[in-house]
Amino acid sequence: MRSVAINVAANTNEPGVRGPLFSDGSFEYVPIPEAEPTRADATVPTYADLDLTTDVPEDYRSHPVHLDPEFAEYPGCERYTYGDPNGVKAGPILDLSAGDYLLFYATLATDGDRPDWAPPEWGAFLIGQFRLARDPLTGDAYHDLPADAEARAAFANNAHVKRDPFDARVLVQGAPDASGLYDTAVPLSDPSAGSEANAVVTALSADSGKGPWWRRPLRFEPDATGRLLALDPADAARLSGR
């Protein structure tokens, strides 16, 4: 049971704001803008459709969102799916198998009231997970599926399947009983600063925590994955001696 954590969600580049972390450790998942053309028959929500509390810049309000990862409990979503065209992320994901975990982390704004385990201004936090319902699919394997295949239908609402042209190098489906957004974010940043990795990164993952680690895929071997999935936010902070 291995896992890989990848960076997703809004940031200061796209659309110019981060989702917030709240004082009780909950958060708001804000997708990035959709940057590519989508099929004429595809329904793609805008930021206004999501009814966010985050103050998205006005010129983005009517902009379509790239709703990926897709969490079934989130507005505009149907299942637990994720796609990626980027080889840096696709490679580690394709090393996973059914039953492994794909974890999602985001940089969140912490400039309001924040828990004592959160750094000032911003930090990186785990926000959700998929337990893989099947082995990941390459883009070519997806294209080879029959039009009426159950696996093809599972990805019908995925943002990369809606793009014109389709561009995913990998597609992942999460099992409904072990996938979802977290109620409380789990910190990857040290309480001292968002750019400082805590021991979840430096001791549990294969990453050094040096440089812009919060942009990189983080790999966790089986023992580390088991420990990681059992952590609550305070546990993660205590790993760093806080």
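How much space lies in the largest cavity? In this predicted model, the largest cavity holds about 80 Å³ of space. The structure has 1 cavity of 30 Å³ or more. Rolling a probe the size of a water molecule over the atoms shows where empty space is left.

**Cavity and pocket**

The lining of the largest cavity is formed by Glu 34, Thr 38, Thr 43, Val 44, Pro 45, Val 65, Leu 67, Gly 76, Asn 157, Ala 159 and Lys 162. The largest pocket has a volume of about 690 Å³. Among the 27 residues that line the largest pocket, Asn 7, Asn 11, Glu 14, Ile 32 and Lys 89 are the closest to its centre. At least two lining residues of the largest pocket come from each of strand 2 (32-33), strand 4 (81-84) and helix 1 (87-94). Strand 4 gives the most to this lining, namely 3 residues.

**Helix 6**

Helix 6 spans residues 222-229, and its buried residues are Ala 224, Thr 225 and Leu 228. Viewed down the axis of helix 6, these buried residues fall within an arc of 100 degrees, so they line one face of the helix. An α-helix has 3.6 residues a turn, so residues three or four places apart point the same way. The elements that cover the buried residues of helix 6 include strand 1 (3-7), strand 5 (101-110), strand 6 (121-131), helix 5 (199-204) and strand 12 (218-220).

Conventions
Residues numbered from 1 in each chain as written. Predicted model: local features only at pLDDT ≥ 70, side-chain atom pairs only at ≥ 80, totals over all residues. Heavy atoms only, no water. 1 Å grid on protein atoms, 1.4 Å probe; cavity = no way out; pocket = protein on both sides within 12 Å on 5 of 7 lines; lining within 4 Å. Points joined across faces, edges and corners; volume = space filled by probe spheres on them. Helix = DSSP H or I, 4+ residues; strand = E, 2+ residues; numbered from the N terminus. Buried < 20%, exposed > 50% of the residue type's maximum accessible area, 1.4 Å probe, protein only. Arc of directions from axis to C-beta. Contact = heavy atoms within 4.5 Å.
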